[in-house]
Amino acid sequence: NKRSRVVHNFMRERLSRNILKMLAQLGETAAELDCRAYVVGGFVRDLFLFRKNEDIDVVIEGDGIAFAKTFANAHGARTHTHEKFGTAVITFPDDFKIDVASARMEYYQFPASLPVVEMSSIKMDMFRRDFTINTLAIELNPDKFGRLLDFFSAQKDIKDKVLRVLHNLSFVEDPTRVFRALRFEQRFGFTIGKLTSSLIDNAVKMDFFKRVAGKRIYTELKLILKEEHPAPILLRLLDYDLLRIIHPLIKIENDLQRLLETAQKVTDWHDLLFIDESYERWAVYFMTLLCHCDLDATLEICNHLTIAPRYRKMFGETRIMMAEHLTRLERRKRMDNAQVYNLLKGLRTELILYMMICTTSDTAIKRISKYHTQLRHAAITLSGKDLLDMGLPPGPLFSRTLQAVLEAKLNGRVRNREEEIAFARQTIKKQGKKSR
Ligand code: CTP
């Protein structure tokens, strides 16, 4: 059969020992249960693209759930099953996961016009997928371990670097695949095939997205925003007029390209300097898309996409309040460190980076980056206990004094503990006079 080829050696060269062993064990369980197991999809695609991918997706010709349970039992793992879909997730004690699906006729509903009657169930399972490059399967049963099944010329498309759907109804079946197409195109540096591209145009023109829930659009958008380089994908969405599908209120001005490129630079700058600090980079990109939206528009977008309340606050209220602070950082001629600190303190990294992206003022950028690299770490040794020891009774003067010492430290007026104490004494004296 010219569609099959043995890729066992190829697997041995590229996969880690553990993964290879796991694949062999999956095949052994399949043989015991008298069914056939295949590793499929992104895992196989990435094997051929020389990209690391340890997300194992297994398709079983037969009962995937029974397979998952048997395999998990034999290897000290747990399973989580979805009877309705015939799928299961196997989870190992170290949290490594394997997805299992059942290739069975009754799980598929194809539009009546598609020629699927004669297909084997593994071929059917591949046929219902989004793009040809995701339709490779490798057999795992010991008798045929490492046999590659390529029903739809995936190897050729991978070699030619093209992304193609399997049939003309692919985007009718699932319009969110349009977003996946652009994500894969940019991630792999592929081009979208001519027919596939015109099917995308058609999906946009005919508004296939009308019936897609905001939540699903948000899921796809987040996958895009979480890619290593989201900016070029978002610009491609714009090419296809797809940003308005995310929400018509996302305002696209002609500065989008510059903003997105800046977002990439600013997040790269941050990631290089603060390698251990985690933050949600995707949220920075999302706010960049929202940068011309006012509060009402933002809240409407958040509602439609069913964005969780804690993000809603960051994307809406806080982001818009920050725009006012930003104007001050841009326009005020003189600002000392303490003033910058007081404007920005406590802000999440996502918002700090967002402000750096939004502004074109060098002054503001310098002030914000100084805050983020130095000022935010400012601390004093003086504590409430020290103030008690100085004879200050607890009260509002307490925090005011500590704040004054911190500001003095930020502005370079005190440098060490002695100076902090001296400064605190002075402040208390002054405040005492004022309140008399
Ligand atoms: N799939 C599909 N249509 C979708 C989503 C997924 O046909 N709307 C198929 C794809 O063919 C894919 C498989 O389901 O191979 C698993 O989906 P997912 O895990 O999202 O795909 P990967 O290709 O592994 O993507 P990634 O590399 O981003 O994890």
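**Figure 1. Domains of the chain.** The chain is assigned domain 1 (4-159), domain 2 (161-246), domain 3 (251-262 + 273-377) and domain 4 (384-435). These bounds come from an automatic or database domain assignment. Taken over C-alpha atoms, the centres of domain 1 and domain 3 are 43 Å apart. The model is predicted: local features need pLDDT of at least 70, side-chain atom pairs count only at pLDDT 80 or more, and totals for chains, interfaces and linings use all residues. Residues are numbered from 1 along each chain as its sequence is written, and side-chain values use heavy atoms, with hydrogens and water left out.

**Figure 2. The largest pocket.** Its volume is about 1,400 Å³. A pocket is an open set of points on a 1 Å grid over the protein atoms alone, where a 1.4 Å probe fits, with protein on both sides within 12 Å along at least five of seven lines. The volume is the space filled by probe spheres set on the points. Domain 1 (4-159) and domain 2 (161-246) both give residues to the lining, so the largest pocket lies between them.

**Figure 3. The lining of the largest pocket.** The lining has 43 residues, and D57, R128, R129, R177 and R180 lie nearest the pocket centre. Lining residues have an atom within 4 Å of a point. By class, 14 are nonpolar, eight polar and 21 charged. Asp, Glu, Lys and Arg count as charged. Elements that each supply at least two residues include α3 (42-48), β3 (56-61) and α10 (214-225). α8 gives the most, with five residues. Helices (H or I, at least four residues) and strands (E, at least two) are DSSP runs.

Figure 4. The ligand is surrounded by 13 residues (a heavy atom within 4 Å). The closest are R45, D130, D174, R180 and R187. In polar contacts (N or O atoms within 3.5 Å), an oxygen atom of the ligand is 2.7 Å from a side-chain N or O atom of R45. For R180, a polar side-chain atom lies 3.0 Å from a ligand oxygen atom. The protein buries 72% of the 580 Å² that the ligand exposes when taken alone (Shrake-Rupley method, 1.4 Å probe).

Methods. A polar contact is a pair of N or O atoms within 3.5 Å; within protein, one must be able to donate a hydrogen and the other to accept it, and residues adjacent in sequence count only if both atoms are side-chain atoms.
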